[in-house]
Structures are given as structure tokens and as C-alpha cells.
Amino acid sequence: MKKLLELKRVQQYAVHVTLDPDTAHPELILSDDGKQVKHGDVKKKLPDNPERFDKCPCVLAKQSFSSGRFYFEVQVKGKTKWDLGVARESINRKGEITLSPQKGYWTMWLRNKNEYKALAGPDVRLSLKQQPEKVGVFVDYEEGLVSFYDVDAAALIYSFTGCCFTEKLYPYFSPCPNYGGEGGKRGADSHPSRFTLGCKPLQYMLKVLALMKPTGQHHLQKAEMKFLWFPKPGLPPAPGYA
């Protein structure tokens, strides 16, 4: 119960996240709604603008954050490798990149189906009881905190603490190159990383949880209503969430 309450506490800071096509590597395929990304087998001819990753198959969100708290979730079910986290605005996007806080990345990754690491420079190997199907990322800008959660297990995976943020932060993602099939040929990924939000980031959203108790085969008692406030990042937290 304590773990679930902690997850609910950070989920109140859920934000709307969409992928920025101007930052996407030319081999990445983004959905029309900006909520899914996968690695393809064709390098598209796109403008080599300064924002675009040209070597590593990465993409940033359109949204940036320079204060307060924010939270987003990524569905990674079925993926055998991925990177996700946050990155500062001034990261190098050309050529090979190194994922570490020193280089402006606060991330974790999956490799070889079950090898998880927090890329803390040096890397920290993570021993997880189960493979997360949905990962939540929570950032407290002023506290210098980046935390990763297994959403379904309501379990904390890893936290970067004592971070010093001085720039805009962007959600960062990579579905990683896909090599498989005969002869290790590259192929399209059948499991795109998909974003799912904990709640709609209205300035104040009133969430209603209806707990209905059956009184008979075809009758329900009047619903008991529970109200939870979900403030937008930067606004005062709800009572009990300070």
C-alpha cells in the first residue's frame, strides 16, 4: 500500500508528452499523434537541422520543463531493448553520444531482454523482480531528482539524486536499432514504445473514482465518490501531497 501511495503521489504531476519529429533520427518512425515511435529499416531523407539526432536513433519530446515537477509514462511491453529518461537542452545531438549525467542525460536502459542499467556514469546494474511493461519517469527540478518506476508493480526502480539542473529538460527516448531475423538483418520493430499518461494535465483536474456496491442481481447502490486533485507542474500540490 505504501508503494502504491508513493506512485499515486508522483502520478499527480503527469504531463502531456508528444514526440518532436524535428529531433527524431531519420530511421525512426513516429505515429501521427506523436505517441509512438519505432525503429524502421529505411533512413529517410530529412533536413539535418541542429535539433536532429543524426547518428543515434533517439528522439526528444516537444515539451520542455525548467521548474517544478513532472511525470510521464512509457509502455515498453514486448521490447527487448530501449533507453528512456530526460536530457538537458544543450546535449550534443550529432555523432555518437554517451548517456550519462555528465553529458546531460539522466536515463536507464534495457539490453539483451533482461539487462537493466541506470546510466549514472559509472553505470549501475539493476536487479528487477519482474520486467516492467510500463515505466514511469518523475522529475523534481528544484530537488534535483529523477526517478523511474515500474508502474504495474508500483515499485521504484532507481533514482538519480543531487542533480543540478540549470537548463530546460526534455523527455528522451530511444527504441534502439532492430537487428533480427536471418543473418541478423535489420527489421521493423513490432513493439513500438508507446506513451501512456497517468492523467490529463489540466490546470486542475477533478478525478472521480466511483466505487459501486451491488445490492442485487440488477441493482447498484448509489456510487461513493472520491475526489483527487491533480495539479499541473509548478502549481501547489493537493493537500496531503506536499
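Let me start with the aromatic rings, of which this predicted model holds 10 pairs, where rings of Phe, Tyr and Trp (its six-membered ring) pair if their centres lie within 6.5 Å, with planes under 30 degrees apart counting as stacked, over 60 as edge-to-face and the rest as tilted. Tyr105 is buried at a relative accessible area of 1%, and Tyr172 is buried at 0%, where buried means under 20% relative accessible area, exposed over 50% and partly exposed in between, with a 1.4 Å probe and protein chains only. Another edge-to-face pair joins Tyr158 and Phe160, with the ring centres 5.1 Å apart and the planes at 80°, and Phe160 is itself buried, at 5% relative accessibility. Ring pairs also link Phe53, Tyr105 and Tyr172 into a cluster.

A word on conventions before I go on. Residues are numbered from 1 along each chain as its sequence is written, and side-chain values use heavy atoms, with hydrogens and water left out. As this is a predicted model, local features need pLDDT of at least 70 and side-chain atom pairs count only at pLDDT 80 or more, whereas totals for chains, interfaces and linings use all residues.

The protein has one helix and 17 strands, taken as DSSP runs numbered from the N terminus, with helices being H or I of at least four residues and strands E of at least two. Six of these strands make an open sheet in the order 3-12-5-6-7-8, with antiparallel pairing, and two strands count as paired if DSSP finds at least two bridges between them. The edges of this sheet are strand 3 (59–60) and strand 8 (124–126), each of which pairs on one side only.

Which strands flank strand 12? On one side, strand 3 is joined to strand 12 by two bridges in the antiparallel sense, and Leu60 has Tyr172 as its bridge partner. Strand 5 (residues 82–88) is joined to strand 12 by six bridges, also antiparallel, with Gly85 standing opposite Tyr172. Strand 12 is largely enclosed by the rest of the structure, because six of its six residues are buried. Both of its faces are covered, with Leu169, Pro171 and Phe173 buried on one side and Tyr170, Tyr172 and Ser174 buried on the other. At the other end of the sheet, strand 7 (residues 115–118) pairs with strand 8 over three antiparallel bridges, and Ala118 has Val124 as its partner there.

Let me turn to the nonpolar cores, each a set of buried Ala, Val, Leu, Ile, Met, Phe, Trp, Tyr and Cys residues joined through side-chain atoms within 4.5 Å. The largest core has 36 residues, and those touching the most other members are Leu84, Val146, Phe148, Phe160 and Phe173. At least two residues of this core come from each of strand 4 (69–75), strand 5, strand 6, strand 7, strand 9 (134–140), strand 10 (145–150), strand 11 (155–160) and strand 12. Apart from it lies another core of 12 residues, including Cys58, Ile91, Tyr105 and Tyr172.

Strand 10 and strand 11 are joined by five bridges and run antiparallel, with Asp150 opposite Ala155. These two strands form a hairpin with four residues between them, and Ala154 in the turn has a positive phi of about 50°.

A polar site next: where does Asn49 lie? Asn49 is in the loop between strand 2 (36–39) and strand 3, and is buried at a relative accessible area of 16%. Its side chain makes polar contacts with the side chains of Glu51, at 2.7 Å, and Arg52, at 3.1 Å; a polar contact is a pair of N or O atoms within 3.5 Å, where, within protein, one must be able to donate a hydrogen and the other to accept it, and residues adjacent in sequence count only if both atoms are side-chain atoms. Asn49 also touches Asp22 and Lys94, leaving aside residues up to four places away in sequence, with contact meaning heavy atoms within 4.5 Å.

Finally, the whole protein: of its 242 residues, 44% count as buried.
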